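Hello,

Here is the structure you will be taking over. Please open it before you read the notes.

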Amino acid sequence: MSTEPSVERDLDGLGEQATDGHTRLTDISGVTEGRSMASIPEYYAGKNVLITGATGFMGKVLVEKLLRACPEVRALYLLVRPKAGQSMEQRVSDMMTCKLFDRVREVNPDFHLKIIPISSELTQPGLAISPEDVEKLSACINVVFHCAATIRFDEPLKHALQLNVIATQQLLSLAKQMQHLEAFVHISTAYANCNRKHIDEVIYPPPVEPKKLIDSLEWMDDSIVRDITPRLIGDRPNTYTYTKALAECVVQQEQDKLNIAIIRPSIVGASWQEPVPGWIDNFNGPSGVFIAAGKGILRTMRANNDAVADLVPVDMVINLTLAAGWYTAVHRRKTEKQKDERPKSALVYNCTTGGINPFHWGQIEHHVMSSFKRNPLEQAFRRPNANITSNYLMNQYWILVSHKFPALIYDFVLRLSGQKPQMMRIFNRLHKAIGLLEYFSSQDWEWNSENMSMLMSQLTPEDRRTFNFDVRQLNWPEYIENYCIGTKKYVLNEDMSDIPAARQHLRKLRNIRYTFNTLLVVFIWRVFIARSQMARNIWYFVVSLCFKFLSYFRASSTITK
Ligand SMILES: CCCCCCCC/C=C\CCCCCCCC(=O)SCCNC(=O)CCNC(=O)[C@H](O)C(C)(C)COP(=O)(O)OP(=O)(O)OC[C@H]1O[C@@H](n2cnc3c(N)ncnc32)[C@H](O)[C@@H]1OP(=O)(O)O
Ligand SMILES: NC(=O)C1=CN([C@@H]2O[C@H](COP(=O)(O)OP(=O)(O)OC[C@H]3O[C@@H](n4cnc5c(N)ncnc54)[C@H](OP(=O)(O)O)[C@@H]3O)[C@@H](O)[C@H]2O)C=CC1
């Protein structure tokens, strides 16, 4: 049996139908009315929207953009759990005071009135939503955006399955009860199928039937699950990509009952333009690596200089997500009107940059380093100078010389001054984190992103500006510069006015390095060279050769004058 979904033409001209039943939007002729249909803000006007994962990185940007660009939206229902001793109401009101919401606050100071938090723990049966809330949501929700997930690469399989797959299944069941639901948008990842080199906008057959896996893991002890995890995930690098692939399959199983879009972003980075350039609030993906390099801690990492770094700015992903929600809903209405009983297939949007506007890890390294030299982070451990290499041995050598050796010296100094050593611990954590990322930075993938381009062609010129996801417009050096500044301002909460002091600190570090190198040469001289007659002779020979060369050079330059 062939498991490879091939592509063939769809008869109604709406798209291409893959043999696994999935549509790719390739021909816009059947939906050209999209242009005369409601614009995106007009569509969301008066709509009730349900969002999971709203307290996360992408969820927050989604909430902000929806409130700012679609001011007539009726209400945003956010499924939030209490966490770290904070109630869900407290968490949502804290979130709204965040700098990200400054722009929407200026335009509409009462935007918080549109936000309705709903208590929900996604890992619990029925998502732990109260019966009254289920009733309320079933009666009023028009669009669902499912962003919540565990994105940790080291998540135990059972927990990743619970959140990424079972919770998705439960949310789909809830969605089926919603009487006015027009679109269900599921956020997946471009790496769900990272065991393939070329990834089309189709849902591939899952590594295992999700229901079977859920049933089997239910009775298994955590330790047994841990032991069999590597066998189960097979050629995927972690439980995250594995469970996201299973989640897509679960979503696919509901596609004939719901109008579904699947968004697959690659590596989501800081914002490009909105609400401010460079907005970022976490250490995930490359952000932690940039910060560690900017602080002068990370000096080496395994990555392929020539591999495409498929970063995509968060605001572009969110613009595409909102446009996909609009398109899915508008498309559904049309088929209802036409009494078309044919179930619509879920559209998959690979939201990537590599195929359209490629940039490579080697170029990222260069721009990150030069950006942090111009705009240094405070209290850097060493001057920023990280190098990436694909050579394993070279990387191990530099880890020893540039990570472990300085950490040992630093911890020794801390011990001498009566403080607790900490640098080796920091490096061990850093090595664990970058070890998990290397899979993604050492190779590249080819994503087909036709649906993204076609969706863009469906937007009105105004919507194309407001919900811009045209990755061709990305100027990478400028984007990386803003990204690095964003990590400083929004992740580390450092003040830009401290940059002169940070530069001064870097100069101090450079002087320390010069002094250290000089002391090292003197030490080597005293210990190894001064004690051996032969070494001394070689040394004098080298020094006299240099001296002669210099005198000759000076004499010849005097003659030419
Ligand atoms: C010079 C530049 C050269 C460039 C070279 C290339 C670089 C980039 C390379 C490749 C990027 C490719 C990425 C692929 C992405 C795929 C896309 C997606 O679909 S999803 C998104 C991806 N998801 C993740 O990124 C989760 C990864 N994170 C984890 O799995 C865990 O956080 C882990 C194992 C790394 C650490 O786990 P723990 O338990 O040790 O620590 P914990 O609880 O997470 O954090 C503790 C503290 O450390 C900070 N932290 C976390 N990660 C950090 C990091 N990387 N660097 C520095 N600090 C970090 C946290 O903010 C936290 O701080 P507090 O204690 O709250 O103050
Ligand atoms: N960041 C990236 O580079 C990429 C992300 N994606 C996908 O985008 C989506 C969003 O990712 P991102 O915003 O970065 O992730 P975050 O980790 O920042 O956010 C995850 C969200 O899920 C919520 N959540 C987690 N566990 C539970 C739970 N048990 N009950 C209720 N809510 C829960 C979190 O809530 P809480 O605050 O309570 O923890 C948080 O709001 C995910 O589906 C991810 O797979 C895809 C490609 C790349």
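This is a predicted model: local features need pLDDT of at least 70, side-chain atom pairs count only at pLDDT 80 or more; totals for chains, interfaces and linings use all residues.

Ligand 1 is surrounded by 27 residues, and the closest are R152, Y240, F283, G285 and R429. An oxygen atom of ligand 1 is 2.7 Å from a polar backbone atom of G285. For I151, a backbone N or O atom lies 3.1 Å from a nitrogen atom of ligand 1. On its own the ligand exposes 1400 Å², of which the protein buries 74%.

The largest share, seven residues, comes from α14.

Y240, one of the closest residues to the ligand, belongs to helix α9 (residues 239–252). At the start of α9, a side-chain oxygen of N238 comes within 3.3 Å of the backbone nitrogen of Y240. The helix has 14 residues and spans 20 Å from first to last C-alpha, close to the 20 Å expected. Of its 14 residues, 14 are buried.

The largest nonpolar core has 110 residues, and Y44, I51, V63 and L78 have the most contacts inside it. Helix α11 (residues 314–337) gives the most to this core, with 12 residues. Apart from this core lies another, of 43 residues, including V165, A167, L181 and I233. Y44 touches, among others, V49, L66, F145, L322 and W326.

Regards

Conventions. Residues are numbered from 1 along each chain as its sequence is written. Chains are lettered from A and ligands numbered from 1 in the order in which they are written. Side-chain values use heavy atoms; hydrogens and water are left out. A nonpolar core is a set of buried Ala, Val, Leu, Ile, Met, Phe, Trp, Tyr and Cys residues joined through side-chain atoms within 4.5 Å. Buried means under 20% relative accessible area, exposed over 50%, partly exposed in between (1.4 Å probe, protein chains only). Helices (H or I, at least four residues) and strands (E, at least two) are DSSP runs, numbered from the N terminus. Contact means heavy atoms within 4.5 Å. The expected span of a helix is 1.5 Å times one less than its number of residues. A polar contact is a pair of N or O atoms within 3.5 Å; within protein, one must be able to donate a hydrogen and the other to accept it, and residues adjacent in sequence count only if both atoms are side-chain atoms. A residue is near a molecule or strand if one of its heavy atoms lies within 4 Å of it. Accessible areas come from the Shrake-Rupley method with a 1.4 Å probe; for residues, only the protein chains shown count as cover. Lists of a residue's contacts leave out its neighbours within four places in sequence.
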